[in-house]
Amino acid sequence: RELINLVKMQKLRREKGMKSLPVSLHMVFTGNPGTGKTTVARIMADIYREIGVLSKGQLVEVDRAGLVAGYVGQTAIKTQEKIDEANGGILFIDEAYTLAKKGNDYGQEAIDTLISLMEKRRDNFIVIVAGYPDLIKEFINSNPGLKSRFNKYIHFPDYSSEELVQIFMKLRSEERRV
């Protein structure tokens, strides 16, 4: 809510001709699988479309295989295609840390392409990277360009036993209504 309110305020300031602070909307979601990272990213895309921050509000989900190709030069093209598909919305990169492998690897080419276009398209394109907290930290620290572009971190804690029971009961009651 705080982030959305900040974005709304900046948008209003621009519309009224007032000075606004440049706000990076790129984010890092950390947490274990099944904690709602992708679901929240979808909701963010819808909200940002509704308030006019994003023109389309689509969420394009990718992982390493969706960005990295097997030959020199092809990774930049493949990454550019996914960024083009996400333009006007959010590019959600799950397990983003797999792009920053050590040694001879094409993941770095994907990172370089991503960093360049994150800046050029920041007014109508958001990147959310997601994964385990420690591995995402290593990923962000692997490149100064990443560190400077991602300044919003949201951690998704695991559900408690009680929360899982509540989710199960809600799903069960919804199933009975259908």
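## Helix 4

Helix 4 (residues 74–86) has 13 residues, which at 1.5 Å a residue should span 18 Å; its end C-alpha atoms are 19 Å apart, which agrees. The expected span is 1.5 Å times one less than the number of residues in the helix. Helices (H or I, at least four residues) and strands (E, at least two) are DSSP runs, numbered from the N terminus. This is a predicted model, in which local features need pLDDT of at least 70, side-chain atom pairs count only at pLDDT 80 or more, and totals for chains, interfaces and linings use all residues. Residues are numbered from 1 along each chain as its sequence is written, and side-chain values use heavy atoms, with hydrogens and water left out.

Thr75, Thr79, Ile83 and Ala86 of helix 4 are buried. Here buried means under 20% relative accessible area, exposed over 50%, and partly exposed in between (1.4 Å probe, protein chains only). Viewed down the axis of helix 4, the buried residues fall within an arc of 65°, so they line one face of the helix; the arc is that of the directions from the helix axis to the C-beta atoms. An α-helix has 3.6 residues a turn, so residues three or four places apart point the same way. On the other side of helix 4, Ile77 and Glu81 are exposed. The buried residues of helix 4 pack against strand 2 (59–62), helix 3 (64–67), strand 3 (90–94) and helix 5 (107–120), where contact means heavy atoms within 4.5 Å. Just after helix 4, glycine 88 takes a positive phi of about 90°.

## The chain as a whole

The secondary structure of the chain comprises eight helices and five strands. Along the sequence these follow the pattern α-β-α-β-α-α-β-α-β-α-α-β-α. The C-alpha atoms fill a box of roughly 55 × 45 × 30 Å, taken along the principal axes.

Of the 178 residues of the chain, 38% count as buried. Among contacts with a separation of 6 or more, 74% are between residues 24 or more positions apart.

## Helix 1

Helix 1 (residues 2–15) has 14 residues and reaches 20 Å from its first C-alpha to its last, close to the 20 Å expected at 1.5 Å a residue. Its buried residues are Leu3, Ile4, Val7 and Gln10. These cover an arc of only 125° around the axis, which puts them on the same side of helix 1.

The cover over the buried residues of helix 1 includes strand 1, helix 2 (37–50) and strand 5. Just after helix 1, glycine 17 takes a positive phi of about 80°.

Strand 1 (residues 27–31) is mostly covered, five of its five residues being buried. Met27, Phe29 and Gly31 lie on one side and Val28 and Thr30 on the other, so that both faces are covered. In a regular strand the side chains alternate between the two faces of the sheet.

Strand 1 pairs in the parallel sense with strand 4 (residues 126–131) over four bridges, and two strands pair if DSSP finds at least two bridges between them. In this pairing, phenylalanine 29 stands opposite alanine 130 in strand 4. Strand 1 also pairs in the parallel sense with strand 5 (residues 152–156), over five bridges, and glycine 31 stands opposite phenylalanine 156 in strand 5.

## Aromatic pairs

Rings of Phe, Tyr and Trp (its six-membered ring) pair if their centres lie within 6.5 Å; planes under 30 degrees apart count as stacked, over 60 as edge-to-face and the rest as tilted. By this rule there are two aromatic pairs. The rings of phenylalanine 29 and phenylalanine 156 have their centres 5.0 Å apart and their planes at 50°, so this pair is tilted. Phenylalanine 29 lies in strand 1 and phenylalanine 156 in strand 5, so the pair ties together parts that are 127 residues apart in sequence. Both phenylalanine 29 and phenylalanine 156 are buried.

Tyrosine 97 and tyrosine 132 form a tilted pair, 6.3 Å centre to centre with 40° between the planes. Tyrosine 97 is buried, with a relative accessible area of 14%, whereas tyrosine 132 is partly exposed at 34%.

## Nonpolar cores

A nonpolar core is a set of buried Ala, Val, Leu, Ile, Met, Phe, Trp, Tyr and Cys residues joined through side-chain atoms within 4.5 Å. The largest has 27 residues, and those with the most contacts inside it are Leu91, Ile93, Leu99, Val127, Val129, Phe139 and Phe150. Strand 2, helix 4, strand 3, helix 5, strand 4 and helix 6 each give two or more residues to this core, and helix 5 gives the most, with six residues.

A second, separate core of 19 residues includes Leu3, Val7, Leu54 and Phe92.
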